[in-house]
Amino acid sequence: MRTSQQTTLRSAASLSGLGVHSGNPVSITLHPAEAHHGIAFLRTGLPGGRDRLIQAQYAQVSATELCTVIGSRETGAVATIEHLMSALYGLGIDNCLVEIDGPEMPILDGSAAPFVAAIEAVGTTSCGTPRRFIKVLKTVRTEKGRAYSELRPFERGFHLDVEIDFESPVIGRSRKALTLTPAAYRREIARARTFGMMRDVERYWKAGFALGASLENTVAVGDGGVVNPEGLRYPDEFVRHKILDAVGDLALAGLPILGAYQSFCGGHGLNCAVLGELFADRANYAIVEGAASRREPVFAEFGVGLGAAVYAPEL
């Protein structure tokens, strides 16, 4: 697959499961889409038999508490989109229509791996059109207390550097950085599961969250260690999942990013807020277009050559 060409799925792929927060069953179908379609969610089954099309873009974000929500409660919304968005971005899928019959994405096993498997089972194909990117020109940053998220210029693809620091000694402080490629995403990020503290469960339930959470889809952290009998999939699974979430949230830029992202104790709110900072000033970014050939790794910004690769060569 040429990294400079827009891509979509070869055929439709369907999955079903429970929403981690609602606990309700939901089914989705990932449909191929034409060039420049982007990622969009078709919310079906609304009152009166209505459907609603919601573009997967940061301007559509309506909530970021414990998950990312696009759309509105009054006209139709889709919650917990970050894991699917992460899988699509991680695999380099530019165009896809996500049909969903409920208000929340299925959590599946709590990671992006089931979405990756479904996409790879049907395969991907080129749309025959150059890929476009958002190139970060100036550093933008958003803060909340000691936490922050930042985007800055980076000439060699999309680089992520994420650090977490939890009071729980089971999670603690850890940091991981990588330059995103489909191979690196599959190997290092896709299988990292969402996690939560056992002591917070009752509070979440009272607030209407985590009603579908279980050891089948969440890493449960107790005072003495991880409760799940199988343990962790990676020694640093917690920070890897934070990278997974960041990739999904930043996919709401609407186009793949040429730049570097760094965060400390970040989350959905800060991830979406830093996109708002980026797009607040047209001087912060440029739209660049991919070359027609992988053997010619040059991007043209209104006719000006740009020596940068979107995805680093896979190993």
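1. Basis. The model is predicted: local features need pLDDT of at least 70 and side-chain atom pairs count only at pLDDT 80 or more, while totals for chains, interfaces and linings use all residues. Residues are numbered from 1 along each chain as its sequence is written, and side-chain values use heavy atoms, with hydrogens and water left out. Helices (H or I, at least four residues) and strands (E, at least two) are DSSP runs numbered from the N terminus.

2. The five-stranded sheet. An open sheet of five strands has the order S2-S3-S9-S4-S5, with mixed pairing; two strands pair if DSSP finds at least two bridges between them. Its edge strands, each pairing on one side only, are S2 (13-18) and S5 (50-55). From one strand to the next the twist averages 20°. S2 and S3 (residues 25-32) run antiparallel and are joined by six bridges; Ser-16 stands opposite Ser-27 in S3.

3. Helices on that sheet. Helix H2 (residues 113-122) packs on the sheet and touches S2 and S3, its direction making about 160° with that of S2. Helix H1 lies across S3, S4 (39-46) and S9 (96-100), and runs at about 150° to S4. Axes here are lines fitted to C-alpha atoms, for helices over the stretch in contact, and angles run from 0 to 180 degrees between N-to-C directions.

4. H1 against H5. Two packed helices are described by the angle between their axes and the distance between the axes. For H1 (residues 82-90) and H5 (residues 237-250) the angle is about 80° and the axes are 7 Å apart. H1 is therefore roughly perpendicular to H5, a term for angles of 65 to 115 degrees. Contact (heavy atoms within 4.5 Å) is made on the H1 side by Glu-82, His-83, Met-85, Ser-86, Tyr-89 and Gly-90. The H5 residues in this contact include His-241, Leu-244 and Leu-250. The contact residues divide into five nonpolar, five polar and three charged. In this division Ala, Val, Leu, Ile, Met, Phe, Trp, Tyr, Cys and Pro count as nonpolar, Asp, Glu, Lys and Arg as charged, and the others, Gly among them, as polar.

5. The three-stranded sheet. S6, S7 and S8 form an open, antiparallel sheet in the order S6-S7-S8. S6 (61-63) and S8 (76-79) are the edge strands, and the twist averages 45° from one strand to the next. Two bridges pair S6 with S7 (residues 69-72), and Ala-63 has Val-69 in S7 as its bridge partner.

6. Strand S14. Seven of the eight residues of S14 (residues 158-165) are buried, so the strand is largely enclosed by the rest of the structure. Buried means under 20% relative accessible area, exposed over 50%, and partly exposed in between (1.4 Å probe, protein chains only). S14 pairs in the parallel sense with S18 (residues 257-264) over six bridges, where Val-162 stands opposite Ser-263. With S15 (residues 173-179) the strand runs antiparallel, joined by seven bridges, and His-159 stands opposite Thr-179.

7. Leu-215. This residue lies in the loop between H4 (201-206) and S17 (219-221). Leu-215 is partly exposed, with a relative accessible area of 37%. Beyond its neighbours within four places in sequence, Leu-215 is in contact with Ala-220, Val-227, Asn-228, Pro-229 and Glu-230.

Technical notes:
Parallel < 35°, antiparallel > 145°, perpendicular 65-115°, else oblique.
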